[in-house]
Amino acid sequence: MLNLILKRLAMAVPTILVLIVFSFLLMHSAPGGPFTAERALSPEILANLEAKYGLDQPLYKQILIYINNVVFHFDFGPSFIYKDRSVNEIIAQGFPITLTYGSIAFVLAVITGVSLGVMAAIYHNSWLDYLAVGISIGAQVLPNFVMAPILVLVFTLMLGWLPGGGWEYGDPKYIIMPVLALSTSFMASIARITRSSMLEVMNANHIRTARSKGLPVRHIILRHALKPAMLPVISYLGPTFVTMVTGSVVVDLFFSTGGMGLFFVNAALNRDYSVMMGITILVGVLTIFFNLVVDILYAWIDPKIRL
Amino acid sequence: MRTKLLLSAAIGAMLVFPTFSNAEVINGEQLAADQVFTYRLLDDIKSFDPQINTDIEGSGVIRDIFEGLMNEDQKGGLIPGAASGYTVSEDKLTYTFNLRDAKWSNGDPVTAHDFAYSWKRLVDPKTASEYAWYMELMGVKNASQVVKGEVTPDELGVRAVDDNTFEVTLEKAIPYFASMTVHGSTFPVLQSVVEKHGTDWTKPGNIVGNGAYVLSEYRSGEKVVRERNPMYWDNENTIIDKTVALVINDENQALTRYLAGEIDKTNIPSGQYPRLSKEYPKQAISNPYSCSYIYWFNMGEKGPESLKDVRVRKALSYAINREVVTDRILQGGQYQSYNFAHQKTAGFDLPEIDYAGWTQKERDAKAVALLAEAGYGADNPLELTLNYNTSETHKKVAIGVSQFWKQTLGVKLTLANNEWKIHTTKQQAGDFEVSRYAWCGDYNEASTYLDLLTSYSGHNVSGYSNADYDALMVESKTMANPNANYAKAEALLAADMPFAPIYQYTGNIMLQPTLRGWPVDNLMQTFYSRDLYIVEK
């Protein structure tokens with residue numbers, strides 16, 4: 001096991017390097033640059049700007065300088081658009097916010113999703129099943145960009161219970177709506193995967209054996225069914241967790257949380273090369289890490305899988 | 001001899017904004033106990049540094065935390081700011097500003113040296129300001145040479161004669177020079193603070209300004225808070241204690257939060273003005289706003305053959321039914337446009353443009369005739385591509401125009417939608433046929449628009465070049481009243497039609513009924529929090 005972890009971590013280094021070079025080239029090949037604006041800058045002014053931000057260097061040199069700064073100084077450079085701030089600052093401010101609402105939304109989605117799925121599977125074809133399926137389909141067809149405005153309409157304008165947006169250093173009042181908006185569709189997916197996987201497991205031989213032995217249902221489900229049924233759910237949860245904690249554009253956009261998701265999209269639109277790169281690398285590292293976590297969980301749950 | 005321009009504005013300011021001494025009643029209205037003004041920002045502020053900022057929302061914040069030589073009153077008129085007044089030399093090339101006794105928020109005195117430092121900082125290649133061109137536009141001596149790195153920033157034509165006297169030398173006389181000092185990029189910054197903190201100098205806690213407010217809290221993507229600066233020279237006449245700008249990207253979300261009472265001012269989402277003005281007649285406001293919406297015709301080298309023919313360009317412009325665009329598509333009180341400069345620009349008399357006076361039927365008939373004359377018709381239809389950047393409004397207008405052109409002229413128009421950066425890059429490279437554009441005035445004077453079409457302007461992407469036009473604009477710079485030249489210039493634009501003017505902007509905003517002092521009549525929508533106040537419900 002330790003061997004595997006080390007091997008995976010060693011692999012991560014070249015993967016990240018490829019990611020950096022590839023994103024860098026891709027980004028620079030997009031038309032326009034950070035200083036493209038409705039007023040075309042005079043060549044002199046543009047030259048001054050490019051000199052200041054090192055964009056006057058040949059591309060290969062820019063990449064080398066960038067990698068050197070990131071690897072040896074942990075410096076992701078200044079933002080080209082938010083000129084008073086560095087990428088490190090932007091991530092340091094935005095990531096904790098998305099991590100907070102993302103993790104809470106994740107936990108909520110997993111708990112409700114798995115419960116709904118298991119319930120639906122156990123009471124297969126009963127009204128409980130239909131209810132659970134109904135809820136999860138309802139949650140699925142209400143994507144977060146529809147959910148978010150509806151939540152604000154109901155809880156802010158009509159009821160006046162919750163503030164319509166902001167973060168206020170993570171005051172719970174401000175977290176509720178982002179969490180609800182973000183978790184529902186993931187909750188629905190988790191419920192569906194759990195339900196179908198659970199149904200399959202409930203028909204498996206070892207469950208039939210357990211039943212015929214006369215074991216109590218609760219015991220069968222918790223001890224024998226849930227664990228194998230969780231395998232497909234877990235493989236879904238790895239990347240989902242990364243997606244949720246690196247921020248949702250929609251949540252950041254509608255709830256003005258100041259989270260990282262909106263920065264990511266805006267950086268792409270503004271050609272804010274350094275912010276774009278910084279967040280890409282962060283997402284890349286997290287993805288690699290959580291895929292590893294998923295693999296380890298797999299091995300732990302299913303002894304048949306030998307790593 | 002020097003002409004003394006004693007600004008009657010000091011008196012004007014008092015008229016516009018009644019002085020009061022800690023009274024709780026203004027104009028017969030009871031002031032609210034809580035003087036907090038909250039408004040919506042479309043986007044995060046990109047910089048609080050006056051010399052670095054490039055956008056309008058950033059300027060709004062910077063005007064609160066810094067103060068330039070001159071300010072604008074609520075109608076856009078010029079009033080004294082950090083300078084109590086100024087004199088102009090007879091050749092109109094030297095401006096001398098007398099600074100009032102004022103303090104920075106850290107207690108240091110505001111001096112002419114601060115202005116000299118900041119103006120040099122704007123053009124210094126090391127600052128690499130995207131707005132360095134503004135000082136070139138102001139005509140300050142040696143500005144261009146400094147930007148190019150040919151001479152040092154110290155050669156810039158500015159000088160602190162003494163602590164309270166700031167002198168500017170111009171390369172050419174510009175009649176509206178003083179009004180250009182209202183722009184944020186000319187605001188002073190304190191050298192000791194900038195040098196002590198480097199790029200971190202604008203962080204709350206570090207930042208020192210000479211405006212009515214200090215930046216007290218900034219949470220990127222969430223909000224910007226500024227609070228009263230007790231060191232400000234006119235602090236006792238300032239009423240708003242705290243201004244909060246909330247970043248809300250989505251305009252509908254912002255409207256919901258406005259209706260929930262969370263914000264005092266927000267923009268009306270496009271197309272919703274008619275409904276909101278019916279439901280909230282006292283809150284929904286439409287006022288002129290200094291931007292002009294046009295479709296460029298590429299008549300340059302990279303443009304299509306067809307658009308090099310003035311008859312084609314005229315036909316296309318005539319066939320646009322502007323009434324449908326403003327009254328049916330936009331519905332926010334926008335002005336139909338047949339010229340370039342916004343018709344409400346200060347001192348600008350809207351010239352008579354021939355086709356503005358015709359009915360749409362007449363315009364259509366003329367358009368059909370012109371296009372036929374140019375050799376296009378049913379058997380040889382004109383084919384063009386129209387570029388626009390992603391936005392619901394631009395899309396609706398583009399679809400409307402494609403219908404007018406198709407129905408009236410049989411033009412086969414391809415609509416090409418691109419995200420903003422790609423759209424702009426193509427436009428500036430001359431890589432388009434017809435392309436959407438909007439120009440917003442930098443200052444409240446018609447040349448901010450009309451200079452754009454000179455052959456030497458860096459923003460003229462149409463390839464339009466007319467020596468008569470250039471001569472008119474050059475001459476206008478030294479005229480006491482340049483309106484006659486502006487009228488001739490606009491007439492040339494109508495005759496040569498390098499673009500089709502479509503509409504001129506209005507600002508459509510919602511204002512809470514308790515908010516007073518919003519500069520509704522200011523074409524630039526230049527507001528200062530210190531001019532506002534909130535009354536009891």
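Let me start with one pair: L386(B) sits opposite V434(B), a residue of β19(B). Strands here are DSSP E runs of at least two residues, and helices are H or I runs of at least four, numbered from the N terminus.

A word on provenance. This is a predicted model, in which local features need pLDDT of at least 70 and side-chain atom pairs count only at pLDDT 80 or more, while totals for chains, interfaces and linings use all residues. Residues are numbered from 1 along each chain as its sequence is written, and chains are lettered from A and ligands numbered from 1 in the order in which they are written.

Back to β19(B). Which strands does β19(B) pair with? Pairing takes at least two DSSP bridges between two strands. Strand β17 of chain B, residues 383-389, runs parallel to β19(B), with two bridges between them. Strand β15 of chain B, residues 284-297, runs antiparallel to β19(B), with seven bridges. On that side, C291(B) has C440(B) of β19(B) as its bridge partner.

Is β19(B) enclosed or open? Strand β19(B) covers residues 434-440, and five of its seven residues are buried, so the rest of the structure largely encloses it. Buried means 20 or more other C-beta atoms within 10 Å of a residue's own; 12 or fewer is exposed, anything between is partly exposed, and C-beta atoms are placed from the backbone.

Next, helix α10(B), residues 310-318. Seven of its nine residues are buried, so α10(B) too is largely enclosed by the rest of the structure. Those buried residues are V312(B), R313(B), K314(B), A315(B), L316(B), S317(B) and Y318(B). What do they pack against? The partners are β15, α12 (360-373), α13 (392-409) and β20 (499-511) of chain B. Contact means that two C-beta atoms, placed from the backbone, lie within 7 Å.

Now a helix pair in chain B. Helices α16(B), residues 467-476, and α17(B), residues 483-496, pack at about 160°, with axes 9 Å apart. Axes are lines fitted to C-alpha atoms, for helices over the stretch in contact, and angles between N-to-C directions run from 0 to 180 degrees. The two are therefore roughly antiparallel. The cut-offs are under 35 degrees for roughly parallel, over 145 for roughly antiparallel, 65 to 115 for roughly perpendicular, and oblique for the rest.

The crossing of α16(B) and α17(B) is left-handed. That label applies if the near helix is turned anticlockwise from the far one by less than a right angle; clockwise gives right-handed. From α16(B) come D468(B), Y469(B), L472(B), M473(B), E475(B) and S476(B), and they meet N485(B), Y486(B), K488(B), A489(B) and L492(B) of α17(B). By class, that is six nonpolar, two polar and three charged residues. Ala, Val, Leu, Ile, Met, Phe, Trp, Tyr, Cys and Pro count as nonpolar, Asp, Glu, Lys and Arg as charged, and the others, including Gly, as polar.

One loop residue. S89(B) lies between β7 (83-88) and β8 (94-99) of chain B. S89(B) has 16 C-beta neighbours inside 10 Å, so it counts as partly exposed. T169(B) is 80 residues from S89(B) in sequence, yet the C-alpha to C-alpha separation is 9.8 Å.

On to chain A. It has 12 helices and zero strands. Its C-alpha trace spans about 85 × 55 × 30 Å along the principal axes. Chain A has 307 residues, and 38% count as buried. Of its contacts between residues at least 6 apart in sequence, 72% join residues at least 24 apart.

How do α1(A) and α12(A) cross? Their axes come within 10 Å and cross at roughly 155°, with α1(A) at residues 2-29 and α12(A) at 273-301. The two are therefore roughly antiparallel. This crossing is right-handed. Residues that meet include I5(A), L19(A) and M27(A) of α1(A), and Y273(A), G284(A) and L292(A) of α12(A). The contact has 14 nonpolar, four polar and one charged residues.

Then α11(A). Eight of its 11 residues are buried, so α11(A) is largely enclosed by the rest of the structure. Among them are F263(A), F264(A) and N270(A). Their cover includes α4, α10 and α12 of chain A. R271(A) follows α11(A), with a positive phi near 60°.

Finally, the interface. In chain A, 44 residues are in contact with 41 of chain B. On the chain A side, α2 (43-53), α4 (87-122), α6 (144-158), α10 (249-255) and α11 (260-270) each give two or more residues. That side has 21 nonpolar, 15 polar and eight charged residues.
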